[in-house]
Amino acid sequence: MLIDFQIPSRKPTKTDRQWANIRLHNSKHISRGSTRVVFAHVGDPTVQCPGLCAWPYALPAYGPPGPALVAPNGIGTDGMIINIATLLAGATTNPFKTGYFQGDALAPLEAVTACPGIFGAGAYPGYPGALLVDKMSKASYNAYGANGRKFLLPATWDLIRLNCKVIT
């Protein structure tokens, strides 16, 4: 399956209502046949919703107060990585809005959105869980990428154990 990721280079305007959400995935027909393409859109969390979609790297918009964590790659980049991971999991498990999800189909909880704010063991509202911390930069993360880059990836719903599984 191909997922077309759309990442805008600017803040959405009022005419861009279809992109008003920081993240969404859906599918569209690309021809008169039955061919459907899955697409995902992720916006800039520092512009659109820092306290919601860049948390824990930005101060929380609501809930228990607490300090923001240090982002290893910058708040905008790391906020987008969290949202891209969320979209990738949702688009692969529920690409046409008829696949895996919990709850109401109009407001589904998908593979990652079923585990909001959980990034490490022992997470609870306002606390993302136990994370690795870079000794030099003090940046918090739970995964390594190419060339030793550090990232924070969200927990996913474990269908066998029926709980949120964090990166370990």
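A disulfide is a covalent bond between the sulfur atoms of two cysteines. I note at the outset that the model is predicted.

**Entry 1: disulfides.** I found 2 disulfides in the structure. In sequence order of the bonded cysteines, I recorded the pairing as 1-2, 3-4.

**Entry 2: Cys49 and Cys53.** I looked up the bond from Cys49 to Cys53 and noted an S to S distance of 1.5 Å. The link of Cys49 and Cys53 is right-handed, with 85° about the S-S bond. Cys49 is buried at 14% relative accessibility, and Cys53 is buried at 6%.

**Entry 3: Cys115 and Cys164.** For the disulfide of Cys115 and Cys164 I noted 2.2 Å from S to S. The link of Cys115 and Cys164 is left-handed, with -95° about the S-S bond. This pair connects distant parts of the chain, 49 residues apart: Cys115 lies in the loop between α3 (75-93) and β4 (132-133), and Cys164 in strand β9 (residues 163-165). Cys115 is buried at 1% relative accessibility, whereas Cys164 is partly exposed at 24%.

**Entry 4: aromatic pairs.** I then found 3 aromatic pairs. One of them, Tyr124 with Tyr127, is tilted, with 5.1 Å centre to centre and 35° between the planes. Tyr124 is exposed at 52% relative accessibility, and Tyr127 is partly exposed at 31%. Tyr141 and Tyr144 form an edge-to-face pair, with 5.4 Å centre to centre and 65° between the planes. Tyr141 is buried at 6% relative accessibility, while Tyr144 is exposed at 55%.

**Entry 5: a charge over a ring.** Returning to Tyr141, I noted that the charged end of Lys150 sits over its ring, 5.4 Å from the ring centre.

Note on methods
Residues are numbered from 1 along each chain as its sequence is written. This is a predicted model: local features need pLDDT of at least 70, side-chain atom pairs count only at pLDDT 80 or more; totals for chains, interfaces and linings use all residues. Side-chain values use heavy atoms; hydrogens and water are left out. Rings of Phe, Tyr and Trp (its six-membered ring) pair if their centres lie within 6.5 Å; planes under 30 degrees apart count as stacked, over 60 as edge-to-face and the rest as tilted. Buried means under 20% relative accessible area, exposed over 50%, partly exposed in between (1.4 Å probe, protein chains only). A charge sits over a ring if NZ of Lys or CZ of Arg is within 6 Å of the ring centre and within 35 degrees of the ring normal. A disulfide is a pair of cysteine sulfur atoms within 2.5 Å. Helices (H or I, at least four residues) and strands (E, at least two) are DSSP runs, numbered from the N terminus.
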